Structure formats: C-alpha cells, structure tokens
Amino acid sequence: SDQAMEEEDLQRLYAWLDEIPLSRPKKNITRDFSDGVMVAEVMHFFLPKGIELHNYTPANSSKQKINNWTTLNRKAFTKVDLSVPENVIKGIVDMKPGVVEVVLNNLRLKIEDYLLRQDHGEQEHSYMASPQSHVGHGSRAAIFHPPAAHAPTHAPLHPGNPVHRSPPRKDGQRAHSEPTRDNLAQALMAKDQTLMDYQETVEILQAKVRKLEQLVMLKDRRLDELTRKLKANGLKI
C-alpha cells in the first residue's frame, strides 16, 4: 500500500508540473530538474514578483548546478519556508533517482500552503477595507443627494410670492423651472454614481468568489491527501 501511495503522490506531482509552462520539455525529471533552472521557473510561475530567473543558469557542470540550488535556497525557497539540505542538493546534482521528486513534492506542498496563507490574508484585508470603501461611496453619493432632496422643498417658496403679482409672471415661472432642471441633473448624477458603486461592489464580490473557489479546491486536495495517509497508516476515519 505504501508503494501505491508513493505512485499516487508521483502522479499528482507530475500532473501539477504539467500545469506549469516550462522552458524545456520534461523528458527525464531526474535529469531535467538537476540544475535547478526549471525549479526556479516553477517558483516564478507562482511568485512572479519574488523570483528573478536571470539568477539561474542552465548547467551541465556540478559546480554551476550547486550554485543554482544554493541560490534557490537563499533567494527563493525562503519565501515559502522551504530549505533543502546540502546532502540532498548533492543527490539531485548527481541525479540520484527519486531525490528530486521528493524535493519537488515538498515544494508543491509548501507553495500550496503559501497560496492558502496569501489568500486568507487578502480576504482579511479586503473584508477590512470593504466597509471603508463603502463608506466612501456613500459619502460621494451624499454629495449629490441633499440638493435633490432639499431643493424641491425650498424652490416653490421663491416663486410663491411673485405668482400673485400681475407682471412679470413669466420671469417667476422661469425662476421656478430652472432649479427643477438643476435638481433633475443632480438626481441623475446621484443615480449614476449609485449604479457605479453597485457595479464596483459586484466586481469585488465576484473576485472574492473566484478566490474562495480556488481556496476550496486547494483544501479539498489537501484533505484527500491527509485521508489517504491516514488510511495508509491503518487509521479509520
């Protein structure tokens, strides 16, 4: 059962790597990842701002391969709380079968943990920011609403007296109609602003839904792995 579990882990690792665009075709994972360059590309795929690919040179010599892996340890792996011991690096550079797969699988788990933490942190930040942004929208809308609400109550008061005078009735009517157009324009501006606010809120919520869906997929995958490990150790669930 241990061998089957290992095979399943390997298949999951290979499927994960297949989703990542790499500069070279994967023909022999032990050889292809031995110089660390494609490992850097994997890191760059998930952390594009934190990984500089120019630091890693394709190599055949053991010395340059070790340099690449040392740089990975120092500049890349620390971002996801991973460290590869020197003796393991030597095994990868010497292309010992099965060594790089273990490291890549550990890297996969660390990256998934990192993405989950990032997602959780962004959710907390966005939920904290949302009420403030909504208050901001409300205050912008309030700038337009009071004139629309208050002006009609005041507007009739001004033409009220001139109406009883014989001349000039047209001037009094014009004074009454012009504020009405202004009020209408302000009301339309307020409605436009409200629609923009609603649209922005919908877009924010849609982005949160997409992130939550990704989070659920990652957690389901981790739960499946833990379930398999428990079964492999003879524990009932």
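A: Let's start with helix α4, where Lys 65, Asn 68, Trp 69, Thr 71, Leu 72, Asn 73 and Ala 76 are buried (under 20% relative accessible area with a 1.4 Å probe, protein chains only; over 50% is exposed, in between partly exposed). Keep in mind that this is a predicted model: local features need pLDDT of at least 70, side-chain atom pairs count only at pLDDT 80 or more, and totals for chains, interfaces and linings use all residues. Numbering runs from 1 along each chain as its sequence is written, and side-chain values use heavy atoms, with hydrogens and water left out.

α4 covers residues 62-76, and its 15 residues reach 20 Å from first C-alpha to last, close to the 21 Å expected at 1.5 Å a residue (1.5 Å times one less than the residue count). Helices here are DSSP runs of H or I with at least four residues, numbered from the N terminus.

Asp 35 sits in the loop between α2 (29-32) and α3 (37-46), and Asp 35 is buried, at a relative accessible area of 3%. Leaving out residues up to four places away in sequence, Asp 35 touches Lys 65, Asn 68 and Trp 69, along with Arg 24, Pro 58 and Ala 59 (contact means heavy atoms within 4.5 Å). Lys 65, Asn 68 and Trp 69 are also on the buried list of α4.

Just after α5, Met 95 takes a positive phi of about 60 degrees.

Searching the whole structure turns up one cavity of 30 Å³ or more (on a 1 Å grid over the protein atoms alone, points where a 1.4 Å probe fits but cannot get out; lining residues have an atom within 4 Å of a point). The largest cavity has a volume of about 40 Å³ (the space filled by probe spheres set on the grid points, which are joined across faces, edges and corners). Asp 9, Asn 105, Arg 108, Leu 109, Glu 225, Arg 228 and Lys 229 line the largest cavity, with α6 (99-154) and α8 (169-232) each supplying at least two of the lining residues.

Key:
1 Å grid on protein atoms, 1.4 Å probe; cavity = no way out; pocket = protein on both sides within 12 Å on 5 of 7 lines; lining within 4 Å.
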